[in-house]
Amino acid sequence: MHAANSADAQLESEWLRQTAHGDRAAFERLFRAYEHRLYRFLLGLVREPQVAEELTGDVMLEVWKNAARFRGQSKVSTWIFGIAHHKAVDALRRRAPAHVDLEELSAVPDAGAGPEAQAMADSARRALADALLELTPEHRAVLELTFTNGCSQAEIAAIVGCPVNTVKTRVFYAKQQLRRIFERRGVRRDLP
Amino acid sequence: MNHQDVAELLPWYVNGTLAPHERAQVEAELASCPLCAGELAELQRIHAAMHEIDQDAPGPSESLMARTSARIDAQPARVGAAFSVKDWWNSLTAAGKITVLVPAALAAVLVVIAVRQSALHQVALSTYTTPAGVAGKTLDERTQSTDQVAQAPAPPQAGAPLPITSGAVARSASVNEAAAPATSQLQATNVLKRVPLPSGERPQLIRTGTIDLLVPDVEQTLAQLQSLAQLQFGDVISLDDSTPSTPGVRHTAQVQLAVPADRFDQTMQALVKLGAVQSRNISAENVSDQIVDAQARLRNLRRTETDMLRILDRAGKIPDVLDVTQQIAQVREQIEQLDAQVQSLQHRVAYSTISIAIEDEKPVTSAQPGMGAQLDDAWKAAVRELRNYTVRVAAVMLTIIAFAPYWLGVLLIALFIANRLRRPSGA
């Protein structure tokens, strides 16, 4: 992952090891390192800020409880994002109705009332942000992990729990889906 | 690598996580393929835009850390969190380590003895005694069904989930219906469902056993058989008990048990202990080939059925439709027959049947046994009980003797430590 080069990854492993021994300060460092990334990843999947925040807390609580079980077979980030993905899928499954109204979704950022929309001056970026909202959670997850979190194919496969080839085709179709959304909205094909 | 393969790798070329050889392949393709180059540009734009979106996006509220900390505080203390067994062990002195080891070894020996004891007790239970609950339940059911019989002939019980679980089994007193208890019914409890069918890896054997026993008391043995069946997760599937009223005739009973295949041997061993074995026979029929063959035919037929249904969708003329429908019906019938055959075989493999013939050691003397006979019975029962008890006590003593090297060692170490501890205080 881009944010976790090898030195960072080592540092995170050390924090996690200390967390496993009940070191609250190390856990706090780990928390600070991950809360934003996790929150934004989860928000992309569940789309409700309150739920995303609650899930971020849940994920970090799981990290605290299960730190001793981390065997170092993957990166700390892969392990934590794996927990987050699992939590998000679980939350989406429990949430009824599963269907999200597309009109409503695209209306939220367009209204320009949210801080996210206001902050985005660039219309191309807003178009992409809107389009991302229309993707299924599976497609959104692989795109976020690839482009926002800089995960390799194998890491994504471990996080979402599917074969590497499935990850490849999922990203491919997610991109095609984005293109279709742009075309439907009459936005230039090669946007953003 | 073709265009599609390279196109699928491009997202990770953009985020810089490709392996060197994949990176080289992508770069080679990019140099020659304008389509790939276009894709790359598009992905790079998405990458940059998603990064910016991510940077601009708000984070969680500031209080999240505090709230999560509060949740952690509310958690029960984590096992092994602040406590490392290794560190603790290293911190102990040599004497400390011995004081930990000795009771631990003693406890281990006690656990082994307890496990052995409980195993012995289990065998004793399955062979010699009937749990009160089981006997009580059976008795109640007998009384209940006797009432039903008085009103109307007993209807066959329907809806048993497994073919071999006959819902009810008849128990008839054949010689004199007026004197002997009337026909009663025993509800076969459905414990068979608990055990799954074995996998197809091993040879598929249908095992059956028969055993003829001479027993001191048929009634008692029947109760023992029922508790044995329950203990082995099996069931009594038929019971035929003839209580003669004429003196000189022996009391006999026929029982069939169905037990899970993996408990067949155990059950046979337990049965032998119920009385004097007159004859014993175990047979096994290998039906692996039959099952594999039937399953293969079933697969073929199902494929044929699917094909025919497809043809039916296409068939336009009514005679054609009728013709195909008729053939589908025939195939369906064959499928159902084969399916039932496979299931029946699998059930017979999963559950072995044991037929037990029980005969009383002595013939029935009279309806009212005399005082001498009663005293004789009591004496015999007491001797039998004494013998059983002696065997059990001897078994326990042998276990203790067999484990002597362990507990003697522990005892010696304990004495040694006690001596060491006493010496300084005395000085």
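1. Helices and strands are runs assigned by DSSP and numbered from the N terminus, a helix having at least four residues and a strand at least two. The names below follow this rule, and the model they describe is predicted. B:Phe233, for instance, sits in the loop that joins α8 (218-231) to β4 (235-242) of chain B.

2. B:Phe233 is not a glycine, yet its phi is positive, at about 60°. Is this residue buried, exposed or partly exposed? A residue is buried with 20 or more other C-beta atoms within 10 Å and exposed with 12 or fewer. B:Phe233 has 17 C-beta neighbours inside 10 Å, so it counts as partly exposed.

3. A:Arg47 in chain A is a further case to check. Its phi is positive too, about 70°, although A:Arg47 is not a glycine. The residue lies in the loop between α2 and α3 of chain A. With 16 other C-beta atoms within 10 Å, A:Arg47 is partly exposed.

4. In general, a pair of packed helices is described by the angle between the axes and the distance between them. For α2 (residues 24-46) and α3 (residues 49-66) of chain A, the angle is about 140° and the axes are 8 Å apart. Angles over 145 degrees would count as roughly antiparallel; α2(A) and α3(A) are therefore oblique to each other. Their crossing is right-handed.

5. Which residues make the contact of α2(A) with α3(A)? On the α2(A) side they include A:Phe27, A:Leu30, A:Phe31 and A:Glu35. On the α3(A) side, A:Pro49, A:Val51, A:Glu53 and A:Trp64 are among them. By class, the residues of this contact are 16 nonpolar, one polar and two charged.

6. Chain B has 427 residues, of which 19% count as buried. Its secondary structure consists of 13 helices and seven strands. Among the contacts in chain B with a separation of 6 or more, 77% are between residues 24 or more positions apart.

7. B:Gln117 belongs to helix α6 (residues 94-128) of chain B. It is partly exposed, with 14 other C-beta atoms within 10 Å.

8. The contact between the two chains takes 37 residues from chain A and 32 residues from chain B. On the chain B side, α1 (3-14), α3 (34-56) and α4 (64-74) each supply at least two residues. The largest share of that side, 11 residues, comes from α3(B). The side of chain B that touches chain A is made up of 14 nonpolar, nine polar and nine charged residues.

9. Helix α1(B) can be checked for length.

10. The buried residues of α1(B) include B:Val6, B:Leu9, B:Trp12 and B:Tyr13. What do the buried residues of α1(B) pack against? Their partners are α8 (137-148), α9 (153-160) and α10 (164-184) of chain A, together with α2 (20-32) and α3 of chain B. Just after α1(B) comes B:Gly16, whose phi is positive at about 75°.

How values were computed
Residues numbered from 1 in each chain as written. Chains lettered and ligands numbered in written order. Predicted model: local features only at pLDDT ≥ 70, side-chain atom pairs only at ≥ 80, totals over all residues. Contact = placed C-beta atoms within 7 Å. Nonpolar A, V, L, I, M, F, W, Y, C, P; charged D, E, K, R; others polar. Axes fitted to C-alpha atoms, helices over the stretch in contact; angles between N-to-C directions. Parallel < 35°, antiparallel > 145°, perpendicular 65-115°, else oblique. Left-handed = near helix turned anticlockwise from the far one by under 90°.
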